[in-house]
Number of protein chains: 2
Amino acid sequence: MELQNLITEQGVRYHFEKGARVFKQGDDCEYIYLVEHGLLKAFYVTANGKETIKSFIKQHSIIGSLNAALCLAPCTFSLEALDTSVLIRFPFSQLLDESKRSITISQEVVQILLGLALKKERREFELLTLSATERFNNLRRTDPELVKKLTQNDIAKYLGITPVALSRIKHQ
Amino acid sequence: MELQNLITEQGVRYHFEKGARVFKQGDDCEYIYLVEHGLLKAFYVTANGKETIKSFIKQHSIIGSLNAALCLAPCTFSLEALDTSVLIRFPFSQLLDESKRSITISQEVVQILLGLALKKERREFELLTLSATERFNNLRRTDPELVKKLTQNDIAKYLGITPVALSRIKHQ
DNA sequence: GAGTAGCATTAACCTATGTTAAAAACTCAT
DNA sequence: ATGAGTTTTTAACATAGGTTAATGCTACTC
(Lines give C-alpha, C1' and ligand atoms only; values in the text may rest on other atoms or scores of the structure.)
Protein backbone atom coordinates (compact mmCIF):
# COMPACT_ATOMS: atom_id res chain seq x y z
CA MET A 1 0.00 0.00 0.00
CA GLU A 2 3.06 2.20 0.00
CA LEU A 3 2.44 2.92 -3.65
CA GLN A 4 -1.17 3.78 -3.06
CA ASN A 5 -0.14 6.22 -0.32
CA LEU A 6 2.46 7.81 -2.52
CA ILE A 7 -0.04 8.40 -5.31
CA THR A 8 -2.78 9.60 -2.99
CA GLU A 9 -0.49 12.04 -1.23
CA GLN A 10 1.54 13.38 -4.11
CA GLY A 11 -0.84 12.96 -7.03
CA VAL A 12 -3.36 15.52 -8.18
CA ARG A 13 -7.04 14.76 -7.69
CA TYR A 14 -9.46 15.42 -10.58
CA HIS A 15 -13.23 15.24 -10.80
CA PHE A 16 -15.02 14.06 -13.94
CA GLU A 17 -18.70 14.22 -14.74
CA LYS A 18 -20.38 11.47 -16.74
CA GLY A 19 -19.30 11.85 -20.35
CA ALA A 20 -16.13 13.85 -19.58
CA ARG A 21 -12.85 12.82 -21.18
CA VAL A 22 -9.80 12.22 -19.01
CA PHE A 23 -7.52 12.00 -22.04
CA LYS A 24 -8.00 11.56 -25.74
CA GLN A 25 -6.47 9.19 -28.25
CA GLY A 26 -3.52 11.04 -29.77
CA ASP A 27 -2.75 13.08 -26.64
CA ASP A 28 0.59 12.96 -24.97
CA CYS A 29 -0.20 11.55 -21.59
CA GLU A 30 2.65 10.47 -19.42
CA TYR A 31 0.53 9.88 -16.35
CA ILE A 32 -1.15 7.03 -14.63
CA TYR A 33 -4.49 7.47 -12.92
CA LEU A 34 -5.76 5.83 -9.80
CA VAL A 35 -9.54 5.61 -9.75
CA GLU A 36 -10.68 6.72 -6.32
CA HIS A 37 -14.23 6.05 -7.31
CA GLY A 38 -16.49 5.95 -10.35
CA LEU A 39 -16.56 4.00 -13.60
CA LEU A 40 -14.81 4.72 -16.88
CA LYS A 41 -14.30 3.25 -20.30
CA ALA A 42 -11.06 3.07 -22.29
CA PHE A 43 -11.80 2.95 -26.01
CA TYR A 44 -10.32 3.08 -29.47
CA VAL A 45 -11.77 5.00 -32.39
CA THR A 46 -10.62 3.52 -35.68
CA ALA A 47 -9.83 5.44 -38.87
CA ASN A 48 -13.37 4.87 -40.16
CA GLY A 49 -14.95 6.20 -36.97
CA LYS A 50 -15.88 2.89 -35.35
CA GLU A 51 -15.56 2.81 -31.57
CA THR A 52 -14.46 -0.32 -29.68
CA ILE A 53 -14.03 -0.57 -25.94
CA LYS A 54 -10.74 -1.89 -24.62
CA SER A 55 -11.77 -2.09 -20.98
CA PHE A 56 -13.97 -0.72 -18.24
CA ILE A 57 -12.13 0.77 -15.29
CA LYS A 58 -13.54 0.51 -11.83
CA GLN A 59 -12.82 1.86 -8.41
CA HIS A 60 -9.24 1.27 -7.15
CA SER A 61 -7.86 0.36 -10.55
CA ILE A 62 -4.86 2.05 -12.06
CA ILE A 63 -5.05 3.07 -15.70
CA GLY A 64 -2.70 4.71 -18.16
CA SER A 65 -1.47 4.34 -21.69
CA LEU A 66 1.52 2.01 -21.78
CA ASN A 67 2.26 3.21 -25.26
CA ALA A 68 2.39 6.84 -24.14
CA ALA A 69 4.27 6.10 -20.95
CA LEU A 70 6.82 3.67 -22.31
CA CYS A 71 7.35 4.77 -25.88
CA LEU A 72 6.84 8.52 -25.40
CA ALA A 73 4.24 8.12 -28.11
CA PRO A 74 0.68 9.45 -28.18
CA CYS A 75 -2.09 7.57 -26.37
CA THR A 76 -3.66 4.85 -28.47
CA PHE A 77 -7.01 5.16 -26.72
CA SER A 78 -9.33 7.61 -24.97
CA LEU A 79 -10.57 7.48 -21.41
CA GLU A 80 -14.09 8.67 -20.58
CA ALA A 81 -16.18 8.69 -17.42
CA LEU A 82 -19.36 6.61 -17.58
CA ASP A 83 -20.31 7.93 -14.17
CA THR A 84 -19.14 10.75 -11.96
CA SER A 85 -15.57 9.73 -11.14
CA VAL A 86 -12.65 10.92 -9.08
CA LEU A 87 -9.15 10.13 -10.35
CA ILE A 88 -5.73 10.84 -8.95
CA ARG A 89 -3.13 11.70 -11.53
CA PHE A 90 0.51 10.72 -11.04
CA PRO A 91 3.45 10.99 -13.48
CA PHE A 92 4.53 7.65 -14.90
CA SER A 93 8.20 8.68 -14.88
CA GLN A 94 8.00 9.46 -11.19
CA LEU A 95 6.54 6.03 -10.59
CA LEU A 96 9.53 4.43 -12.32
CA ASP A 97 11.91 6.63 -10.32
CA GLU A 98 10.28 5.74 -7.03
CA SER A 99 10.37 2.08 -7.94
CA LYS A 100 14.11 2.39 -8.48
CA ARG A 101 14.44 3.81 -4.99
CA SER A 102 12.14 1.58 -3.01
CA ILE A 103 11.95 -2.17 -3.30
CA THR A 104 8.46 -2.33 -1.80
CA ILE A 105 7.17 0.06 -4.44
CA SER A 106 8.94 -1.89 -7.12
CA GLN A 107 7.27 -5.03 -5.75
CA GLU A 108 3.89 -3.40 -5.90
CA VAL A 109 4.50 -2.32 -9.48
CA VAL A 110 5.40 -5.90 -10.33
CA GLN A 111 2.17 -7.12 -8.76
CA ILE A 112 0.09 -4.57 -10.65
CA LEU A 113 1.74 -5.43 -13.93
CA LEU A 114 1.32 -9.16 -13.36
CA GLY A 115 -2.37 -8.60 -12.73
CA LEU A 116 -2.65 -6.46 -15.82
CA ALA A 117 -0.85 -8.98 -18.01
CA LEU A 118 -3.07 -11.75 -16.70
CA LYS A 119 -6.21 -9.75 -17.48
CA LYS A 120 -4.98 -9.00 -20.98
CA GLU A 121 -4.10 -12.64 -21.50
CA ARG A 122 -7.64 -13.64 -20.56
CA ARG A 123 -9.12 -11.12 -22.93
CA GLU A 124 -6.85 -12.28 -25.74
CA PHE A 125 -8.00 -15.82 -25.07
CA GLU A 126 -11.65 -14.81 -25.29
CA LEU A 127 -11.27 -12.78 -28.45
CA LEU A 128 -9.28 -15.55 -30.07
CA THR A 129 -11.28 -18.63 -29.14
CA LEU A 130 -14.84 -17.65 -28.22
CA SER A 131 -17.83 -16.54 -30.26
CA ALA A 132 -19.60 -13.26 -29.48
CA THR A 133 -22.36 -15.24 -27.74
CA GLU A 134 -19.87 -17.03 -25.51
CA ARG A 135 -18.05 -13.79 -24.72
CA PHE A 136 -21.33 -12.17 -23.73
CA ASN A 137 -22.30 -15.07 -21.48
CA ASN A 138 -18.87 -14.96 -19.86
CA LEU A 139 -19.22 -11.27 -19.10
CA ARG A 140 -22.70 -11.75 -17.71
CA ARG A 141 -21.44 -14.56 -15.52
CA THR A 142 -18.28 -12.94 -14.24
CA ASP A 143 -19.57 -9.39 -13.76
CA PRO A 144 -23.37 -9.13 -13.71
CA GLU A 145 -23.20 -5.85 -11.76
CA LEU A 146 -21.19 -4.20 -14.51
CA VAL A 147 -23.52 -5.48 -17.21
CA LYS A 148 -26.44 -3.91 -15.39
CA LYS A 149 -24.78 -0.51 -15.28
CA LEU A 150 -23.75 -0.37 -18.95
CA THR A 151 -25.77 0.50 -22.03
CA GLN A 152 -26.18 -2.22 -24.60
CA ASN A 153 -24.17 -0.06 -26.92
CA ASP A 154 -21.14 -0.09 -24.66
CA ILE A 155 -21.44 -3.80 -23.96
CA ALA A 156 -21.49 -4.47 -27.70
CA LYS A 157 -18.46 -2.26 -28.32
CA TYR A 158 -16.63 -4.15 -25.59
CA LEU A 159 -17.51 -7.52 -27.10
CA GLY A 160 -16.38 -6.36 -30.52
CA ILE A 161 -19.80 -6.54 -32.16
CA THR A 162 -22.58 -4.08 -33.05
CA PRO A 163 -25.50 -3.29 -30.72
CA VAL A 164 -27.80 -4.88 -33.31
CA ALA A 165 -25.88 -8.14 -33.11
CA LEU A 166 -25.99 -8.06 -29.31
CA SER A 167 -29.74 -7.58 -29.34
CA ARG A 168 -30.03 -10.65 -31.59
CA ILE A 169 -27.80 -12.67 -29.29
CA LYS A 170 -29.93 -11.79 -26.27
CA HIS A 171 -33.02 -13.15 -27.99
CA GLN A 172 -31.31 -16.44 -28.81
CA MET B 1 21.31 -8.27 -17.55
CA GLU B 2 21.64 -9.41 -13.97
CA LEU B 3 18.42 -11.35 -14.37
CA GLN B 4 19.62 -12.98 -17.56
CA ASN B 5 22.82 -14.05 -15.79
CA LEU B 6 20.90 -15.44 -12.86
CA ILE B 7 18.68 -17.54 -15.09
CA THR B 8 21.52 -18.69 -17.32
CA GLU B 9 23.66 -19.72 -14.36
CA GLN B 10 21.09 -21.25 -12.07
CA GLY B 11 18.44 -22.44 -14.50
CA VAL B 12 18.33 -25.84 -16.13
CA ARG B 13 18.97 -26.05 -19.85
CA TYR B 14 16.67 -28.20 -22.01
CA HIS B 15 16.79 -29.19 -25.64
CA PHE B 16 13.67 -29.58 -27.75
CA GLU B 17 13.34 -31.00 -31.22
CA LYS B 18 10.82 -29.58 -33.66
CA GLY B 19 7.36 -30.70 -32.58
CA ALA B 20 8.35 -31.42 -28.96
CA ARG B 21 6.17 -30.05 -26.16
CA VAL B 22 7.75 -27.99 -23.40
CA PHE B 23 4.57 -28.06 -21.36
CA LYS B 24 0.96 -28.92 -22.02
CA GLN B 25 -2.28 -27.10 -21.29
CA GLY B 26 -3.49 -28.39 -17.93
CA ASP B 27 -0.02 -29.08 -16.54
CA ASP B 28 1.19 -27.50 -13.37
CA CYS B 29 4.09 -25.44 -14.50
CA GLU B 30 5.56 -22.96 -12.09
CA TYR B 31 8.54 -22.10 -14.23
CA ILE B 32 9.53 -19.46 -16.67
CA TYR B 33 11.63 -20.30 -19.69
CA LEU B 34 14.26 -18.20 -21.36
CA VAL B 35 14.65 -19.08 -25.03
CA GLU B 36 18.36 -19.36 -25.73
CA HIS B 37 17.59 -20.05 -29.34
CA GLY B 38 14.90 -21.52 -31.55
CA LEU B 39 11.27 -20.76 -32.26
CA LEU B 40 8.15 -21.92 -30.42
CA LYS B 41 4.41 -21.49 -30.42
CA ALA B 42 2.13 -21.01 -27.42
CA PHE B 43 -1.37 -22.24 -28.22
CA TYR B 44 -4.79 -23.02 -26.81
CA VAL B 45 -6.86 -26.06 -27.67
CA THR B 46 -10.55 -25.39 -27.06
CA ALA B 47 -13.12 -27.89 -25.79
CA ASN B 48 -14.13 -28.79 -29.35
CA GLY B 49 -10.54 -29.46 -30.39
CA LYS B 50 -9.84 -26.24 -32.27
CA GLU B 51 -6.30 -24.89 -31.92
CA THR B 52 -5.52 -21.17 -31.79
CA ILE B 53 -2.09 -19.67 -31.39
CA LYS B 54 -1.55 -17.15 -28.65
CA SER B 55 1.97 -16.13 -29.64
CA PHE B 56 5.20 -17.15 -31.27
CA ILE B 57 8.24 -17.10 -29.04
CA LYS B 58 11.63 -16.20 -30.40
CA GLN B 59 15.20 -16.18 -29.26
CA HIS B 60 15.85 -14.24 -26.02
CA SER B 61 12.20 -14.06 -25.02
CA ILE B 62 10.92 -15.21 -21.69
CA ILE B 63 7.77 -17.29 -21.60
CA GLY B 64 5.67 -18.87 -18.89
CA SER B 65 2.06 -19.28 -17.89
CA LEU B 66 0.98 -16.33 -15.77
CA ASN B 67 -2.06 -18.28 -14.76
CA ALA B 68 0.03 -21.19 -13.52
CA ALA B 69 2.66 -19.03 -11.88
CA LEU B 70 0.39 -16.49 -10.22
CA CYS B 71 -2.75 -18.45 -9.43
CA LEU B 72 -1.16 -21.84 -8.79
CA ALA B 73 -3.57 -23.05 -11.42
CA PRO B 74 -2.89 -25.30 -14.41
CA CYS B 75 -1.41 -23.80 -17.57
CA THR B 76 -4.02 -22.42 -19.92
CA PHE B 77 -1.92 -23.13 -22.99
CA SER B 78 0.68 -25.48 -24.44
CA LEU B 79 4.18 -24.62 -25.60
CA GLU B 80 5.67 -26.44 -28.58
CA ALA B 81 8.92 -26.08 -30.51
CA LEU B 82 8.52 -25.14 -34.19
CA ASP B 83 12.25 -25.57 -34.63
CA THR B 84 15.03 -27.14 -32.63
CA SER B 85 15.13 -24.95 -29.54
CA VAL B 86 17.14 -24.57 -26.36
CA LEU B 87 15.34 -23.25 -23.29
CA ILE B 88 16.51 -22.50 -19.80
CA ARG B 89 14.02 -23.32 -17.09
CA PHE B 90 13.83 -21.24 -13.92
CA PRO B 91 11.27 -21.39 -11.08
CA PHE B 92 8.85 -18.49 -11.08
CA SER B 93 8.77 -18.35 -7.30
CA GLN B 94 12.54 -18.00 -7.17
CA LEU B 95 12.27 -15.11 -9.62
CA LEU B 96 9.86 -13.35 -7.28
CA ASP B 97 12.13 -14.05 -4.31
CA GLU B 98 15.18 -12.70 -6.08
CA SER B 99 13.26 -9.63 -7.13
CA LYS B 100 12.44 -8.99 -3.48
CA ARG B 101 16.12 -9.13 -2.69
CA SER B 102 17.63 -7.15 -5.55
CA ILE B 103 16.30 -3.89 -6.86
CA THR B 104 18.05 -4.29 -10.21
CA ILE B 105 16.35 -7.63 -10.74
CA SER B 106 13.06 -6.17 -9.68
CA GLN B 107 13.62 -3.38 -12.21
CA GLU B 108 14.31 -5.89 -14.94
CA VAL B 109 11.15 -7.78 -14.07
CA VAL B 110 9.20 -4.52 -14.31
CA GLN B 111 10.70 -3.86 -17.75
CA ILE B 112 9.85 -7.36 -18.97
CA LEU B 113 6.29 -7.09 -17.69
CA LEU B 114 5.81 -3.65 -19.22
CA GLY B 115 6.96 -5.02 -22.55
CA LEU B 116 4.66 -8.00 -22.21
CA ALA B 117 1.66 -5.86 -21.29
CA LEU B 118 2.35 -3.58 -24.23
CA LYS B 119 2.51 -6.53 -26.62
CA LYS B 120 -0.74 -7.94 -25.27
CA GLU B 121 -2.36 -4.52 -25.55
CA ARG B 122 -1.38 -4.33 -29.22
CA ARG B 123 -2.76 -7.77 -29.89
CA GLU B 124 -6.00 -6.93 -28.11
CA PHE B 125 -6.26 -3.82 -30.29
CA GLU B 126 -5.78 -5.85 -33.45
CA LEU B 127 -8.27 -8.55 -32.53
CA LEU B 128 -10.81 -5.96 -31.50
CA THR B 129 -10.59 -3.46 -34.32
CA LEU B 130 -9.05 -5.07 -37.41
CA SER B 131 -10.36 -7.56 -39.96
CA ALA B 132 -8.49 -10.80 -40.62
CA THR B 133 -7.11 -9.26 -43.82
CA GLU B 134 -5.75 -6.24 -41.97
CA ARG B 135 -4.27 -8.42 -39.23
CA PHE B 136 -2.52 -10.52 -41.85
CA ASN B 137 -1.10 -7.47 -43.61
CA ASN B 138 0.10 -6.11 -40.29
CA LEU B 139 1.91 -9.32 -39.48
CA ARG B 140 3.48 -9.44 -42.93
CA ARG B 141 4.63 -5.87 -42.56
CA THR B 142 5.97 -6.07 -39.01
CA ASP B 143 7.59 -9.51 -39.17
CA PRO B 144 8.11 -10.81 -42.71
CA GLU B 145 10.88 -13.15 -41.53
CA LEU B 146 8.52 -14.90 -39.15
CA VAL B 147 5.83 -15.24 -41.81
CA LYS B 148 8.35 -16.94 -44.09
CA LYS B 149 9.22 -19.53 -41.46
CA LEU B 150 5.66 -20.47 -40.50
CA THR B 151 3.20 -22.78 -42.21
CA GLN B 152 0.00 -21.21 -43.44
CA ASN B 153 -1.81 -23.32 -40.92
CA ASP B 154 0.03 -21.74 -38.01
CA ILE B 155 -0.34 -18.22 -39.39
CA ALA B 156 -4.10 -18.77 -39.71
CA LYS B 157 -4.34 -20.12 -36.17
CA TYR B 158 -2.50 -17.05 -34.96
CA LEU B 159 -4.81 -14.69 -36.85
CA GLY B 160 -7.85 -16.48 -35.47
CA ILE B 161 -9.10 -17.77 -38.82
CA THR B 162 -8.95 -21.06 -40.73
CA PRO B 163 -6.20 -21.90 -43.22
CA VAL B 164 -8.87 -21.93 -45.91
CA ALA B 165 -9.82 -18.35 -45.10
CA LEU B 166 -6.17 -17.30 -45.11
CA SER B 167 -5.64 -18.83 -48.54
CA ARG B 168 -8.62 -16.83 -49.80
CA ILE B 169 -7.27 -13.62 -48.26
CA LYS B 170 -3.93 -14.12 -49.97
CA HIS B 171 -5.62 -14.33 -53.35
CA GLN B 172 -7.62 -11.16 -52.71
C1' DG C 1 -50.13 14.66 -20.75
C1' DA C 2 -47.73 15.85 -25.55
C1' DG C 3 -43.21 16.30 -27.52
C1' DT C 4 -38.56 15.16 -28.00
C1' DA C 5 -34.29 12.58 -27.47
C1' DG C 6 -31.85 8.58 -26.75
C1' DC C 7 -31.78 3.61 -26.45
C1' DA C 8 -33.33 -1.14 -27.91
C1' DT C 9 -35.60 -4.21 -31.07
C1' DT C 10 -36.82 -6.09 -35.44
C1' DA C 11 -36.46 -7.10 -40.26
C1' DA C 12 -34.32 -7.53 -44.84
C1' DC C 13 -30.43 -7.96 -47.13
C1' DC C 14 -25.10 -8.30 -47.54
C1' DT C 15 -20.36 -10.00 -46.62
C1' DA C 16 -16.71 -12.36 -44.27
C1' DT C 17 -15.47 -16.39 -42.57
C1' DG C 18 -16.50 -21.42 -41.37
C1' DT C 19 -17.06 -26.26 -43.10
C1' DT C 20 -16.28 -30.02 -45.91
C1' DA C 21 -14.25 -32.19 -49.47
C1' DA C 22 -11.65 -32.75 -53.45
C1' DA C 23 -7.77 -31.39 -56.35
C1' DA C 24 -3.26 -29.50 -56.85
C1' DA C 25 1.30 -28.39 -55.36
C1' DC C 26 5.09 -29.22 -52.66
C1' DT C 27 8.80 -32.19 -50.03
C1' DC C 28 11.52 -35.84 -49.23
C1' DA C 29 13.13 -40.65 -48.80
C1' DT C 30 14.08 -44.38 -51.49
C1' DA D 1 12.17 -40.00 -61.03
C1' DT D 2 8.34 -42.39 -57.98
C1' DG D 3 5.24 -42.44 -54.58
C1' DA D 4 3.75 -41.20 -49.74
C1' DG D 5 2.82 -37.61 -46.85
C1' DT D 6 2.03 -32.96 -46.02
C1' DT D 7 0.51 -28.27 -47.13
C1' DT D 8 -2.08 -25.20 -50.03
C1' DT D 9 -5.72 -24.08 -53.15
C1' DT D 10 -10.29 -24.23 -54.95
C1' DA D 11 -15.19 -24.80 -54.88
C1' DA D 12 -19.93 -25.15 -52.97
C1' DC D 13 -22.62 -24.37 -49.41
C1' DA D 14 -23.77 -22.73 -44.37
C1' DT D 15 -23.69 -19.30 -40.68
C1' DA D 16 -22.43 -15.35 -37.76
C1' DG D 17 -22.35 -10.91 -37.71
C1' DG D 18 -22.56 -6.18 -40.32
C1' DT D 19 -25.55 -2.50 -42.39
C1' DT D 20 -29.42 0.19 -42.89
C1' DA D 21 -33.64 1.64 -41.72
C1' DA D 22 -38.02 1.51 -39.64
C1' DT D 23 -40.46 0.83 -35.28
C1' DG D 24 -41.06 0.74 -30.45
C1' DC D 25 -39.86 1.94 -25.71
C1' DT D 26 -38.38 4.95 -21.78
C1' DA D 27 -37.55 8.95 -19.66
C1' DC D 28 -37.17 13.66 -19.29
C1' DT D 29 -38.85 18.49 -20.42
C1' DC D 30 -42.31 21.84 -20.78
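In this predicted model, a side-chain N or O atom of B:Ser167 lies 3.2 Å from a phosphate oxygen of DNA strand D. Another phosphate oxygen contact to DNA strand D involves B:Asn153, whose polar backbone atom is 3.3 Å away. A backbone N or O atom of A:Ala132 is placed 3.1 Å from a phosphate oxygen of DNA strand D.

Of the atoms of DNA strand D that come within 4 Å of the protein, 53% are accounted for by sugar and phosphate. Three helices each supply at least two residues of the surface near DNA strand D: H8 of chain A, helix H7 (152–159) of chain B and H8 of chain B. The most comes from H8(B), with 4 residues. By class, the surface near DNA strand D holds 5 nonpolar, 7 polar and 3 charged residues.

DNA strand C has 14 residues around it. Here A:Gln152, B:Ala132, B:Thr162, B:Ala165 and B:Arg168 come nearest. Sugar or phosphate provides 54% of the atoms of DNA strand C within 4 Å of the protein, and bases provide the rest.

Individual contacts to DNA strand C come from both chains. In chain B, a backbone N or O atom of B:Ala132 is 3.2 Å from a phosphate oxygen of DNA strand C. The side chain of B:Arg168 meets a base instead. One of its N or O atoms lies 2.8 Å from a base nitrogen of DNA strand C. The elements giving two or more residues to the surface near DNA strand C are helix H7 (152–159) and helix H8 (163–170) of chain A, and helix H8 (163–170) of chain B. H8(A) gives the most, with 4 residues. The residues near DNA strand C divide into 5 nonpolar, 6 polar and 3 charged.

The two protein chains also meet each other. Chain B contributes 39 residues to the contact, and chain A contributes 39 residues. The area buried between chain B and chain A is about 3500 Å². Carbon and sulfur atoms give 67% of that area. Three residues, B:Glu121, B:Glu124 and B:Leu128, supply 19% of the area that chain B buries against chain A, more than any other three residues.

Polar and charged pairs cross this interface. Between chain B and chain A there are 11 residue pairs in polar contact. The interface also has 8 salt bridges. One of them joins A:Lys54 to B:Glu121, with the closest N and O atoms 3.2 Å apart. On chain B, the side that touches chain A draws at least two residues from each of strand S5 (51–58), helix H2 (66–71), helix H3 (92–101) and helix H4 (103–129). H4(B) gives the most to that side, with 20 residues. By class, the side of chain B that touches chain A has 20 nonpolar, 11 polar and 8 charged residues.

The arrangement of the two chains was then examined. Two copies of a chain are related by a rotation about an axis and a shift along it. Chain B can be laid on chain A by a turn of 180° and a shift of 0.0 Å along the axis, with an RMSD of 0.0 Å. This is the relation of a two-fold axis. Of the interface residues of chain B, 100% are also interface residues in chain A, so the copies meet through the same surface.

Over all chains, the whole structure contains 26 salt bridges. One pair is A:Lys148 and A:Glu145, whose side chains meet with an N to O distance of 3.3 Å. A:Lys148 and A:Glu145 both belong to helix H6 (residues 144–149) of chain A. They are separated by about one helical turn because they stand 3 residues apart in that helix.

Terms used:
Residues are numbered from 1 along each chain as its sequence is written. Chains are lettered from A and ligands numbered from 1 in the order in which they are written. This is a predicted model: local features need pLDDT of at least 70, side-chain atom pairs count only at pLDDT 80 or more; totals for chains, interfaces and linings use all residues. Side-chain values use heavy atoms; hydrogens and water are left out. Contact means heavy atoms within 4.5 Å. Buried area is the accessible area (1.4 Å probe) that two parts lose on being put together, summed over both. A salt bridge is a side-chain nitrogen of Lys or Arg within 4 Å of a carboxyl oxygen of Asp or Glu. A polar contact is a pair of N or O atoms within 3.5 Å; within protein, one must be able to donate a hydrogen and the other to accept it, and residues adjacent in sequence count only if both atoms are side-chain atoms. Ala, Val, Leu, Ile, Met, Phe, Trp, Tyr, Cys and Pro count as nonpolar, Asp, Glu, Lys and Arg as charged, and the others, Gly among them, as polar. A residue is near a molecule or strand if one of its heavy atoms lies within 4 Å of it. Copies are superposed by least squares on the C-alpha atoms of residues with pLDDT of at least 70 in both.
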